[in-house]
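Here is a short tour of one protein model. Keep the sequence and the 3D view open as you read.

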Amino acid sequence: MSINETFVIVGAGLAGAKAAEALREQGFDGRLILIGAETHRPYERPPLSKGYLAGADEREKIFVHPEGWYAEHDVEYRPGRTVTRLDRGAAQVELDDGDLIGYDKVLLCTGSGPRRLPIAGAAADGVHYLRSVDDSDALREVIAKSSRLVMIGAGWIGLEVTAAARQAGVEVTVVETAELPLLRVLGAEVAQVFADLHREHGVNFRFNTSIAQIDTAAGRATGVTLGDGSRIEADAVLVGVGAVPNTALAEAAGLSVDNGVLVDVGLRTEDPNVFAAGDIANAQHPLLRRRIRVEHWANALKQPATAATSMLGGAGSYAELPYFFTDQYDLGMEYVGYVEPGEYDQVVFRGDVPGREFIAFWLKNSRVLAGMNVNVWDVTDPIKALIRSGAEVDPARLADPTIDLSQVAS
Ligand SMILES: Cc1cc2nc3c(=O)[nH]c(=O)nc-3n(C[C@H](O)[C@H](O)[C@H](O)COP(=O)(O)OP(=O)(O)OC[C@H]3O[C@@H](n4cnc5c(N)ncnc54)[C@H](O)[C@@H]3O)c2cc1C
């Protein structure tokens, strides 16, 4: 199939690597080129703020494929090379070494990068961001050497690093502009669970607080000055204020970009030869009937198979519900579904919330939009089924752990 064709994948993260795998699995036997700006072969990022950061997971475990996989599958993997231009007219990509590669189909998997803080001191030594394995290695050393850390931002990455640092005995102050951690994603009811968890582990929170600047001495961060003028001293500062999709290449190529590259249910852009998957794809979702862009491992893992089908001319449609997970101290959780901030009208808890063994459901008009299981396992499929069914549920039955989740309709 397609033996004379060349497919180029731009970005060798999880999505890029899985796309190469899916194309070969689906029978593409033409030239397949995977170009990645990083020098490490494709790896998964979740361990970088969890087990790998804590030194519990070995480095070899983070990689998507064994070292020899790319050659064995005839994938021309070009590490350490950035695609600087996508020329749709000439159907070619240009690399930072000047190389030009013609393509029949191109898949954009350029992912996202950390949002930078536009404040004084943000470029000083001792100010850290976490996206790559190199960042994680550097941060592990910082945690080992520091006694006080300031975390800017109480999102997932900030909280996971906070947990790792606390477990290593580091004093951590988390500064957050909102009144609770993860407030935008979880809403106040469930965000409180994470605030309590971290407080119990000795974390100092400064909510409703802005950062005026990162203080420095001789070019090194020494702490932060808050919006009210007070100071917090620290040996290092970690900035975890979210990620932004790497859309510059797509934008310069004239593709439609709005919070990611706009793609249809089959991950096709408006150009029939250009596709996008993973963190950068703002994709039409057939069940949710809207475009969504998520920065989730499971999305980068599974979307590429649909993109591959579309690249091969098939009728792909990506209909998985968003899914993500976190591990912090002894709390493990999975979240499935999709709720825009403020879009729900009820939260129902099933189980033991103070004991942190429960499921939370977000509802609108008595229908389940999302569910999060905390230290309760093997319930993702029934939660997904509830969301997909769109059925009205009885909140009392939903809250009752003795009633099977398939029996909660009203
Ligand atoms: C520390 C951390 C912890 C996380 N934990 C979780 C978690 O617990 N659960 C969860 O669901 N998700 C988690 N995520 C999110 C998850 O890792 C991402 O959703 C996933 O990595 C997205 O994969 P991707 O391939 O789309 O993009 P990326 O992983 O960002 O990979 C994109 C790659 O493309 C390269 N690139 C960009 N532009 C170019 C170019 N022009 N030319 C060549 N190469 C280019 C980049 O260098 C990068 O290597 C975490 C992320 C981080 C950073």
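Start with tyrosine 329. This residue counts as buried, because its relative accessibility is 15% and the cut-off for buried is under 20%. Keep in mind that the model is a predicted one. Tyrosine 329 sits in a loop, between β22 and β23 (331–337). Its backbone deserves a look too. The phi angle of tyrosine 329 is near 55°, which is a positive value in a residue other than glycine. Most residues other than glycine have a negative phi.

Asparagine 375 also has a positive phi, of about 50°, and is not a glycine either. Its place is the loop between β26 (367–374) and α9. Is asparagine 375 buried or partly exposed? With 21% relative accessibility, asparagine 375 counts as partly exposed, because partly exposed begins where buried, under 20%, ends.

**The ligand and its shell**

Now turn to the ligand. There are 34 residues around it, and Glu38, Arg45, Lys50, Arg131 and Asp279 come nearest. In glutamate 38, a polar side-chain atom lies 2.6 Å from an oxygen atom of the ligand. In arginine 45, an N or O atom of the side chain is 2.6 Å from a ligand oxygen. Phenylalanine 325 uses its backbone: an N or O atom there lies 3.0 Å from an oxygen atom of the ligand. How much of the ligand's accessible area does the protein cover? On its own the ligand has 1000 Å² of accessible area, and the protein covers 92% of that.

Which elements build the shell? Four that each supply at least two residues are α1 (14–25), α5 (156–167), α8 (297–311) and β22 (323–328). By class, 15 are nonpolar, 11 are polar and 8 are charged.

**A spot on helix α8**

Helix α8 holds alanine 305. This alanine counts as partly exposed, because its relative accessibility is 35%. Leave out residues up to four places away in sequence, and alanine 305 touches Ala22 and Gln26. Glutamate 21 is 284 residues from alanine 305 in sequence. In space, the C-alpha atoms of the two are 8.4 Å apart.

**Salt bridges**

How many salt bridges does a search of the whole structure find? The search finds 27. Here are three of them.

| Pair | N to O distance |
|---|---|
| Glutamate 76 and arginine 78 | 3.8 Å |
| Glutamate 295 and arginine 293 | 3.0 Å |
| Lysine 384 and glutamate 320 | 3.8 Å |

Take the pairs in turn. Glutamate 76 is partly exposed, with a relative accessible area of 28%.

In the second pair, glutamate 295 counts as partly exposed, at 36% relative accessibility. Arginine 293 is buried, because its relative accessible area is 15%.

Helix α9 covers residues 380–389. Is lysine 384 buried or partly exposed? Lysine 384 is buried, because its relative accessible area is 17% and the limit for buried is under 20%. Glutamate 320 counts as partly exposed, at 28% relative accessibility. What else does lysine 384 contact, leaving aside neighbours within four places in sequence? Along with Glu320, the contacts of lysine 384 are Leu321 and Val336.

Some salt bridges join up. Arg148, Asp215, Arg231, Glu233 and Asp235 are linked in a network of them.

**Looking back**

Go back to the 3D view and find a few of these places again. Begin with the loop between β22 and β23, where tyrosine 329 is found. Move on to the ligand, with Glu38 and Arg45 among the residues that come nearest.

Key
Residues numbered from 1 in each chain as written. Predicted model: local features only at pLDDT ≥ 70, side-chain atom pairs only at ≥ 80, totals over all residues. Heavy atoms only, no water. Contact = heavy atoms within 4.5 Å. Near = heavy atom within 4 Å. Polar contact = N/O pair within 3.5 Å; in protein donor to acceptor, adjacent residues only side chain to side chain. Areas by Shrake-Rupley, 256 points an atom, 1.4 Å probe, with all protein chains shown as cover. Nonpolar A, V, L, I, M, F, W, Y, C, P; charged D, E, K, R; others polar. Salt bridge = Lys/Arg side-chain N within 4 Å of Asp/Glu carboxyl O. Buried < 20%, exposed > 50% of the residue type's maximum accessible area, 1.4 Å probe, protein only.
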